Amino acid sequence: MRWLLIHIAVVATLVLTGCETQVDPMAGGGPAYYVYGTLNTDSLVQTIRVEALRETAYGPPSPERPEVILSDVTTGESQACMSRPETPAYQCPAPRVVAGHFYRMQIRGERGESRVDVQVPQVSQVIIKDVFTPGTSAVLQPLQWNDTGTRPISVVVTYVTIRQGHLPDTTVVDYLPFVRGASGLREVTLDYPRDLNFYRGRVGLDPKDMTVILKEILFSTTTQGSEWERPQGTTNVENGYGFVGSQVGMTIQIPIRSEMVQRLGFQPVQ
Amino acid sequence: MRTRIQVLVVALLLVGGAPLAFGQQATLSGQVRDAGSRVPLVQASIVLQGETGNTTGAATDTTGVFTFRSVAAGRYYVRVSHIGYVPFTDTLDVGAGESRRLDVALRPEIYEVEEITVGADRGGDAVLSSAGLTRIDPEALGRLPTPGLSPDLSSYLLTLPGVFAAADRGGQLYIRGGTPSQNLVLIDGMPLYQPFHVVGFYSAFPADIIANADVYAGGFGARYGGRISSVIDVSTRNGNKDRIAGSASLAPFLTSMRLEGPLVPGKVSFLLSGRESMIDRIAPFALGESMPFRFGDYFGKFHAFLTETSSFSATAIRTHDSGDLRTSSSRSHSTEWNNAAYGLRYTFLPTDEAVMTQAAVYLSHLDSHNETTDAPERQALVDGVHADILFSYLLGASRLDLGLFARSYWFSYDLGYGREEDDVVEGGGYIDLRFQVTPSFRIKPGIRIHDFSYGIGLSAEPRLRLTFRDGNSVYSAAWGQYRQQIMGLSSPRDPAETFTAWSVAPRYQRVPAATHYIASWRGRLAPGVDFSVEGYYKDLQHQAFSSYTGEVEKAIQTERLSGKAQGLDFRLELSHSWFTGFLGYGLASVKYRTKDGGQITDGYRYELPRAPEFYPPHDRRHQLTALGSFTFGAFRLNLQWQLGTGTPFTRIYGFYNAIPRGTPVGAIEEDPGQMVVAYAQPYQGRLPAYHRLDVSVERTIRFAGRPLTLQAGLVNAYGRRNLFNYDLYTGEHVYQLPLIPSVAIRFDV
């Protein structure tokens, strides 16, 4: 009985005095860095945000500046990205990102390593059909492209350069509608305005004070990589958080023919 | 020992008493009353069974009096019974020529008593149990060192293995794997949605108004439904029909008053009770720190015997709670809730048929409000109308209950994103059969037909309970299927979360369901030493589990999970003339798993830690409770020590500032982003263990001929710093109740 009481007393003392009342909320290991950015074929320099996870909720971003390497897996070339002072951003200079190439971004630092793999999408294959019909008042320009595996976003642009005597050229950018659909060969119709007065009205000048020259008509798309299909709230950063996307810009010049120019009321290009 | 005594008594009777008794008949008389109201009971049955098997009987007259005029000397087994009351049994030695008096107070059996007691007499037992069931009498509540002399059901519930609160404030009770909104809490049949006060010692149920409380931690019968975890069924007593009585107590935590008495002597009575907290006003002076909790409860009951065979009661209860469950020095957590319930009940007991009819209608209401520093204000309201009718057929020792019920609920809530409203109607019936196969074996099958208009439609929920008695041992088992259509949604991660938005399960989805399996053994190891062990397993399906997103604002997303709760409960009860004690240990495990290979998410912006299986935050693995009540002369010392191992919580990897997808490249450098918590695997961490010792000393003296009780006590006597909340954002620890000295005084008239 005496030993039993002694044991009970010892256990009770240990329980009463030895139990921890503090809680450590931090889990060991785990994701290392937050990464955000977009690899863009149109950009000479890729800007990426990289932030080490911090243990306090509020306050400035972590001062840690991990090493960030951007590698073109397709060619085997790598480049070190440079930390921007006073910000959590990094800049990865040339060479320019190439459509269709695989890229890997590695972030190494005190917390470990995070990694992102991205495949920049291929350029859309665009087929232009010349269906301009002389004698009509409108210009219809059907286009087709193959966007399998990519996602063009809704941008179709025409450029018209207007020369106003001694004034510098003015560029009018016109966004035309684009309807999304399933992947595959698809078609869109560019519906140009019927006559020159439309452009004169956009500039707001009296027609007699200006000379308008149709310089070029461009069709432009931006195609995003498949990683953009991930739902919001998910990451493609391995052992980290955030999102790194990719996009390819593409522009095609639509041939300008003399009957089209005259029909629209422009001066022929000399 | 008992056999020896019996042999000795018989020998003495044979040797010494028998010659004298021969030819000298004794007289036995007495009165049978209602234990609560003290009103005499008419037509109560008294049966005397001698040792030779000879049986004789009598019934009480209109004053509750009975008389046996020619009783041979000897030992008799006495049974006093009355419909609607718990039978009284005892062993009585009657001497030759003796004029013996036996006064009996029967406790109302508002619902069936399902337990079989161990031993030949109950002695001072105030707690009885069988598979999943614990029946609690008011005497048991008085043995706990509750601060203030207003014993309460809540304090007792928290001593039961498998029952715990997330903290000593907040008023949320978890029972054997069930969440607070899966517990059905009834007072005289009226549901209360959030009956536990903001300070965990107290509930809407002071001992002063309780006749008894049946706590089903599982395996409840077909009478109960609409919840899948447990039932706490509190029956209140009627007011005194003989005289005015009352009590008043004054204590730092709570001040209480009770008044009862006859409106028509012997027939109509009232009972009023009111309690109001004082701690928010006294703590700054007495403790030097703020305890901003305010709560109270008010109860009233009117009871009338309309005729000799029928009665009527009207009951009303209101509670209020409010406070700031501050989770850190800079983050307030203002909460408020109010319960109200009203009920009418009519009972008819014909003298010529063994059928009891009971009809009742209830209204229940809860409104709650919650506001925290960094979350939108939330409000919720639920109103329920319940109608029940019950027919009880007494078939000898067996009994058949047939019941019909209808429920209508109306919900309104605003979680900070606009007000939502909904309503739902339920209805159905049940059959409960208690079949006494042999004197020692009872089987109780039942089935509940419940129409869930939103979920699965008509549901058949079978129930079964078996009880077998073998000498000093009782074996029992219970099984049942349960479904629940109305749900309370709250955030399980936050220990300070008291806000529950009641709503109906999503339309056309399976409603939360559970199957219970319970087996228990209870035995008397020695006189005054009872031991029981009980194992349980609950199969949980379609559980609604709320989780936070990773954003600072507390947006909630709800997952549907399955899971299981299982465990073993041990109880050792000691009873001697100067000491009563209780030692309880519960080993439990609650595990949730995602449905169909799905994954639980616990964050928002980016891919989140996921876990196909996890232990939810109410998985308390070990729980130990030791209670002791010692009597030293005129003093009584009450001790209570509780230990609970830590519950799961979600650790974090850290914080970062996220910027929305699609942010232009030019803004990447300058955009401050939004702070996001990077959570680790859900609920993989464990909070520190909880333990606390409460002590009180009482002495009752006579003052003006009436009992006056003085109490001094300590809550958290050794000042254990039990964690209440860890604030992720500030790193601050907030602790539960500190060491609190208290004094109290109570006067009974």
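Predicted model: local features only at pLDDT ≥ 70, side-chain atom pairs only at ≥ 80, totals over all residues.
Local features need pLDDT of at least 70, side-chain atom pairs count only at pLDDT 80 or more, and totals for chains, interfaces and linings use all residues. Residues are numbered from 1 along each chain as its sequence is written, chains are lettered from A in the order in which they are written, and side-chain values use heavy atoms, with hydrogens and water left out.

The interface comes first. Contact (heavy atoms within 4.5 Å) involves 43 residues of chain B and 46 residues of chain A. The size of an interface is often given as the accessible area lost when the parts come together. Buried area is taken here as the accessible area (1.4 Å probe) that two parts lose on being put together, summed over both. Chain B and chain A bury about 3900 Å² between them. Carbon and sulfur atoms carry 58% of that area. B:Tyr653, B:Arg661 and B:Glu669 supply 23% of the area that chain B buries against chain A.

Polar contacts were counted next. A polar contact is a pair of N or O atoms within 3.5 Å; within protein, one must be able to donate a hydrogen and the other to accept it, and residues adjacent in sequence count only if both atoms are side-chain atoms. Across the interface, 12 residue pairs are in polar contact, with both residues at pLDDT 80 or more. Strands (E, at least two residues) are DSSP runs, numbered from the N terminus. Strand 42 (652–658), strand 43 (674–679), strand 47 (723–727) and strand 48 (732–735) of chain B each supply at least two residues of the side that touches chain A. Strand 42 of chain B gives the most, with seven residues. By class, this side of chain B has 27 nonpolar, seven polar and nine charged residues. Ala, Val, Leu, Ile, Met, Phe, Trp, Tyr, Cys and Pro count as nonpolar, Asp, Glu, Lys and Arg as charged, and the others, Gly among them, as polar.

One salt bridge lies between chain B and chain A. A:Arg84 forms a salt bridge with B:Glu669, with the closest N and O atoms 3.2 Å apart. Within chain A, the side chains of A:Glu67 and A:Arg108 meet in a salt bridge at 3.6 Å, N to O. That pair links distant parts of the chain, 41 residues apart. A:Glu67 is in strand 3 (residues 67–72) and A:Arg108 is in strand 7 of chain A.

Both of these strands belong to an open sheet of five strands in chain A, with the order 4-3-7-8-16 and antiparallel pairing. Strand 4 (77–80) and strand 16 (237–238) stand at the edges, each with a single partner strand, so one side of each is left without a neighbour in the sheet. Two strands pair if DSSP finds at least two bridges between them. Strand 7 (residues 102–109) and strand 8 (residues 112–119) of chain A pair over eight bridges. A:Met105 has A:Val116 as its bridge partner in strand 8.

Chain B holds an open antiparallel sheet of four strands in the order 3-2-5-6. Strand 3 (55–59) and strand 6 (88–94) of chain B are its edges. Six bridges join strand 2 (residues 45–50) to strand 5 (residues 74–81) of chain B. B:Val47 stands opposite B:Arg79.

Notes: Salt bridge = Lys/Arg side-chain N within 4 Å of Asp/Glu carboxyl O.
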